[in-house]
Amino acid sequence: MPNAPRMTVFLLAAVNFTHIMDFMIMMPLGDILMRSFRIEPQQFSIMVSAYTLSAGISGFLGAFIIDRFDRKNFLLMLYGGFLAGTIACGLVDSYIPMVIARAVTGVFGGVIGSLVMSIVSDLYPWEQRGRAMALLSASFSVASVLGVPFGLFMAEKMGWPAPFLFLGAFGSALAAVLWNVLPPMRAHLAARKSPVQPMALLRKIAADRNQLLGLTMSFALILSQMIMIPFIAPYMVRNVGLSQSQIPLIYLFGGVATIFSAQIIGRLVDKIGVKRVFAVGMLLSYIPIAAITNLPPVPVYVALTATTLFFIFINSRMVPAQTMISGVVGKEGRGSFMSINSSVMQIGSASGAFLAGLLVHEGATARLEGFYWVGIASVVISWVCLLIAPRLKFIG
């Protein structure tokens, strides 16, 4: 990778780090938040869904304007709103204001992910994009290894608002660096012949079988993951027997594992084929899904083995999936499509969290019941992706 684009990808990965940590920190804080706000699992799932639902709506609307602006300026504007919402999450003191704050954060966060992916896709040709996407996805691992454990440590020592306030401060410093270092990004403007019209864009996507398949796969993939993720940490505490102080180990071990596995997956995508890597990763992911959702009280090392494998194989699905979806449309319409795709993923995420809240309930002894149904649903839904992937065509 050339030096200049590599530095750009590192900066964008840092943006993703704060973006991902803001979302991820909600899940391991689940038990703390349910007890602090005195809410049920269904209400917690709504708290998680508030972000993703508003992000899905804003991502859809953002598709109509994302390709009209310099990507740098648009990213900085969105990032500023996102940081304001994150800080607000750390200042609220009850359930309803928290739901509102999460929704506001999602309004701005909903377009950031697609914008970052569009920038990376513009920078790298198809033959090198697997490694670039893997480097970008490393922000997920860093958020898991450093961000979430550190955030949980702050929550335990200083209260649950501390991680959100830390992210606000760190992100503000990062925004200043982006402003001074990130170069203007206008190449996509030259490729466009005229501003995108909302109905024309929707008609174009609706008429393109390839894009429709890509969006359907995105929705099913994220739905199959997010139906599980919100309740993993609470389940580990209430059913498996981990203490709240041991929850950061889930993200530490899982994140370290994916730091290395993501780079291997990225190279395999470029070397042996994206569809083959995706299919193998999908099938292997069923092993930890079945284990986690049926796990009885076990030693800590057994629980961490299951969750670490979950991180590895979920990531081995995401890297090739993101690479495939980035290639279903050309550069001139990629920003708009990726924003629509981000919206679809956010709605899938909200749907998954909400559906999990319907399947999981609190038992008489505070144990979470019905989590095994979540595992079954996750596997069944993900089969849609296995059916679609072979039918995708890659344009660039």
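**Note on a predicted helical model**

1. Ser 45 is buried, with a relative accessible area of 1% (buried means under 20% relative accessible area, with a 1.4 Å probe and protein chains only). Ser 45 belongs to helix α3, residues 41-62; helices are DSSP runs of H or I with at least four residues, strands are E runs of at least two, and both are numbered from the N terminus. Beyond its neighbours within four places in sequence, Ser 45 is in contact with Phe 231, Ala 353, Phe 354 and Gly 357, where contact means heavy atoms within 4.5 Å.

2. This is a predicted model, in which local features need pLDDT of at least 70 and side-chain atom pairs count only at pLDDT 80 or more, while totals for chains, interfaces and linings use all residues. Residues are numbered from 1 along each chain as its sequence is written, and side-chain values use heavy atoms, with hydrogens and water left out.

3. The chain contains 16 helices and 2 strands. Of its 396 residues, 59% are buried. Among contacts with a separation of 6 or more, 86% are between residues 24 or more positions apart.

4. Helix α3 packs against helix α5 (residues 95-123) at an angle of about 30°, with the axes 7 Å apart. Axes are lines fitted to C-alpha atoms, for helices over the stretch in contact, and angles run from 0 to 180 degrees between N-to-C directions. The two helices α3 and α5 are therefore roughly parallel (angles under 35 degrees count as roughly parallel, over 145 as roughly antiparallel). Their contact includes Ala 50 and Ser 54 of α3 and Gly 106 and Gly 110 of α5. By class, the contact of α3 with α5 has 11 nonpolar, 9 polar and 1 charged residues; Ala, Val, Leu, Ile, Met, Phe, Trp, Tyr, Cys and Pro count as nonpolar, Asp, Glu, Lys and Arg as charged, and the others, Gly among them, as polar.

5. A second pair is formed by α10 (residues 209-226) and α14 (residues 300-326), whose axes come within 11 Å and cross at roughly 165°. That makes α10 roughly antiparallel to α14. The residues in this contact of α10 with α14 divide into 7 nonpolar, 4 polar and 1 charged.

6. Helix α16 (residues 371-388) has 18 residues and spans 27 Å from first C-alpha to last, close to the 26 Å expected at 1.5 Å a residue; the expected span is 1.5 Å times one less than the number of residues. Its buried residues include Phe 371, Val 374, Ser 378 and Ile 381.

Definitions and conventions. Angles under 35 degrees count as roughly parallel, over 145 as roughly antiparallel, 65 to 115 as roughly perpendicular and the rest as oblique. Buried means under 20% relative accessible area, exposed over 50%, partly exposed in between (1.4 Å probe, protein chains only).
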